[in-house]
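Subject: Structure for you to look at

Hello,

Here is the structure I said I would pass on. My notes follow below it.

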Amino acid sequence: MPEQAGWTLDELVGRVCAALAGAAYPGSPNGRVRDLPDRRAVRWYTTTGLVDRPVMQGRNAIYRTRHLLQIVAVKRLQAQGYSLAEIQATLAGATDETLRRLAGMSAETTTEPGAPAAVPAVKGRRSRFWAERPAVEPTIDSADTVTALAAVSLPGGAMLLLPARPDDSDIHAIRAAAAPLLEFLADRGLLSLDDRSPL
């Protein structure tokens, strides 16, 4: 039987768990986040854009090195106390080398047999502008803060990414300025504002 280029979802989850095993991974700092992801968590990460979509071979989803690096990086950043919004901002457009550094994995431990390191583009699909490499590489400085991108959460699940971390007065002003736009989007059915209360 020829070697499979990549892994099934179960094989990927096993590799993620193996990569996170050991003293270098302290696990979740609180009880709200799983220490190790399961199949459902990986699917959710894919749906939310934290992890690239798998390559489809017929009806089978195949995961590659980049998927492994993304998930391990997400779990390591969660263990450091980062929110998923901060992690998403940090990982947006990250190269495989950046992911490998954040995941704490070497190239030798992440290569699958017979497959390229990166997931190939699917012919006929439009490019995903949000997955392209940003002009400024997101980084985490020695104080463990996001220095290149900061996220401001808005009602209805909207999020604003900024090149610098705003202070409390900036966040209040941003939310106040965004209120009319969010109301307009909700009125047009493009955003769900459950409470419709002032920001």
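At roughly what angle do the axes of helix 3 and helix 5 cross? Keep in mind that the model is predicted. In it, helix 3 covers residues 65-79 and helix 5 covers residues 96-103, and their axes cross at roughly 40 degrees, coming within 8 Å. Helix 3 is therefore oblique to helix 5, since an angle has to be under 35 degrees to count as roughly parallel. The crossing of these two helices is left-handed.

On the helix 3 side, the contact is made by Thr65, Arg66, Leu69, Gln70, Val72, Ala73, Arg76 and Leu77. Helix 5 contributes Asp96, Leu99, Arg100, Leu102 and Ala103. By type, the residues of this contact are 7 nonpolar, 4 charged and 2 polar.

Next, Ser192. This residue lies in the segment that follows helix 7 (168-187). Its relative accessibility is 47%, so Ser192 counts as partly exposed; exposed would need over 50%. Ser192 and Ala158 are 34 residues apart along the chain, and their C-alpha atoms are separated by 9.5 Å.

A word on confidence. The protein chain has a mean pLDDT of 75, with 69% of its residues at 70 or more. The pLDDT is below 50 over residues 113-129, a stretch that has 20 contacts in the model beyond near neighbours in sequence. Residues 142-147 also stay under 50, and for them the model has 14 contacts beyond four places in sequence.

Regards

Definitions and conventions
Residues are numbered from 1 along each chain as its sequence is written. This is a predicted model: local features need pLDDT of at least 70, side-chain atom pairs count only at pLDDT 80 or more; totals for chains, interfaces and linings use all residues. Side-chain values use heavy atoms; hydrogens and water are left out. pLDDT is the predictor's confidence in each residue, from 0 to 100. Contact means heavy atoms within 4.5 Å. Helices (H or I, at least four residues) and strands (E, at least two) are DSSP runs, numbered from the N terminus. Buried means under 20% relative accessible area, exposed over 50%, partly exposed in between (1.4 Å probe, protein chains only). Axes are lines fitted to C-alpha atoms, for helices over the stretch in contact, and angles run from 0 to 180 degrees between N-to-C directions. Angles under 35 degrees count as roughly parallel, over 145 as roughly antiparallel, 65 to 115 as roughly perpendicular and the rest as oblique. A crossing is left-handed if the near helix is turned anticlockwise from the far one by less than a right angle, and right-handed if clockwise. Ala, Val, Leu, Ile, Met, Phe, Trp, Tyr, Cys and Pro count as nonpolar, Asp, Glu, Lys and Arg as charged, and the others, Gly among them, as polar.
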